[in-house]
Amino acid sequence: MNTMFDTLLQLPLFQGLAREDLTSILGKVKLHFTKHKAGEIILEADSPCDRLMFILKGEVAASTSSADNSYSFTEHFQAPYLIEPQSMFGMNTAYVSTYVAHNEVHTVSINKAFVLSELFKYEIFRINYMNIISNRAQNLNSRFWEKNADSLEKRISCFVLSHVERPTGEKALKIKMEELAQIINDTRMGVSKALNNMQQKGVLELHRGEIIIPDAAKLL
């Protein structure tokens, strides 16, 4: 029980919550604990976001496709991690990405009804939730006002970074060279040369139809 308490208190929404408050919550709110095997789909894009789901152990791969399905971006997240808290409310209450277990993953989820009826009674929970949503909105907004890139390699880096939620963890961009060239307004040959230069610098790896970014922080 102590191990579960300690784990839950490390989760972003419960940080700062007193142990007695967490004990009270556990007595009222039903928690759903699940284990997922490597390769198992945990949540699918466009499915209703009717719960808060926390990754307690393991690593997940979150894949998001562009509106026209011309490319997709995959990002890896290590536990502890809260999946899309921003998708629970607003105009679109569906998950944006598909989440797949990279190795054995342990999750705990709380139904939206319990979040509204019980968890929002606690001020620290409300503050943590608002901080998570606000930080995400501020980070996204700041990207619109960044200085324009002055080189092709920088434009490629900016395109990749515009899709990143966390700089740490492996990223993968599945895209055709022609599509990437069109997006960043350059020629296919120019993009190919720039990507090969970036590969030589060790900031990315080129595969057939896919670009692997081992450490997105190197693109900054």
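**Notebook: cavity, pocket, salt bridges**

I started inside: Leu 8, Phe 14, Leu 22, Ile 25, Leu 26, Leu 31 and Ile 110 line the largest cavity. For my own notes, a cavity is a set of points, on a 1 Å grid over the protein atoms alone, where a 1.4 Å probe fits but cannot get out, and a lining residue has an atom within 4 Å of a point. This is a predicted model, where local features need pLDDT of at least 70 and side-chain atom pairs count only at pLDDT 80 or more, while totals for chains, interfaces and linings use all residues. Residues are numbered from 1 along each chain as its sequence is written, and side-chain values use heavy atoms, with hydrogens and water left out.

**The cavity**

I found one cavity of 30 Å³ or more in the structure. The largest cavity holds about 30 Å³ of space, a volume being the space filled by probe spheres set on the points, which are joined across faces, edges and corners. What classes of residue make up its lining? I got seven nonpolar, no polar and no charged. (Nonpolar covers Ala, Val, Leu, Ile, Met, Phe, Trp, Tyr, Cys and Pro; charged covers Asp, Glu, Lys and Arg; the others, Gly among them, are polar.) Helix H2 (residues 19-28) gives the most to this lining, with three residues. Helices (H or I, at least four residues) and strands (E, at least two) are DSSP runs, numbered from the N terminus.

**The second largest pocket**

Next I looked up the second largest pocket, which has a volume of about 220 Å³. Its lining has 15 residues, and Ile 175, Met 177, His 207, Gly 209 and Glu 210 are the closest to its centre. A pocket here is an open set with protein on both sides within 12 Å along at least five of seven lines. By class I noted six nonpolar, four polar and five charged residues in the lining. H6, H7, strand S10 (205-207) and strand S11 (210-213) each supply at least two of the lining residues. Which element gives the most? That is H7, with four residues.

**Helix H7**

H7 has 13 residues and reaches 18 Å from first C-alpha to last, close to the 18 Å expected at 1.5 Å a residue (the expected span is 1.5 Å times one less than the number of residues). Gly 190, Val 191, Ser 192, Ala 194, Leu 195 and Met 198 of H7 are buried; buried means under 20% relative accessible area, exposed over 50%, partly exposed in between, with a 1.4 Å probe and protein chains only. These buried residues pack against H5, H6, S10 and S11, contact meaning heavy atoms within 4.5 Å. Just after H7, Gly 202 takes a positive phi of about 85 degrees.

**Salt bridges**

My search of the whole structure gave seven salt bridges, each a side-chain nitrogen of Lys or Arg within 4 Å of a carboxyl oxygen of Asp or Glu. In one of them, Glu 75 pairs with Lys 171, with the closest N and O atoms 2.7 Å apart. Glu 75 sits in strand S5 (residues 72-78) and Lys 171 in strand S9 (residues 171-174), so the pair ties together parts 96 residues apart in sequence. Are these two buried or exposed? Both Glu 75 and Lys 171 are buried.

I also looked up Arg 155 and Asp 186, whose salt bridge has its closest N and O atoms 3.0 Å apart. Arg 155 lies in helix H5 and Asp 186 in the loop between helix H6 (177-183) and helix H7 (188-200), so parts 31 residues apart are tied together. Arg 155 is partly exposed at 27%, and Asp 186 is partly exposed at 30%.
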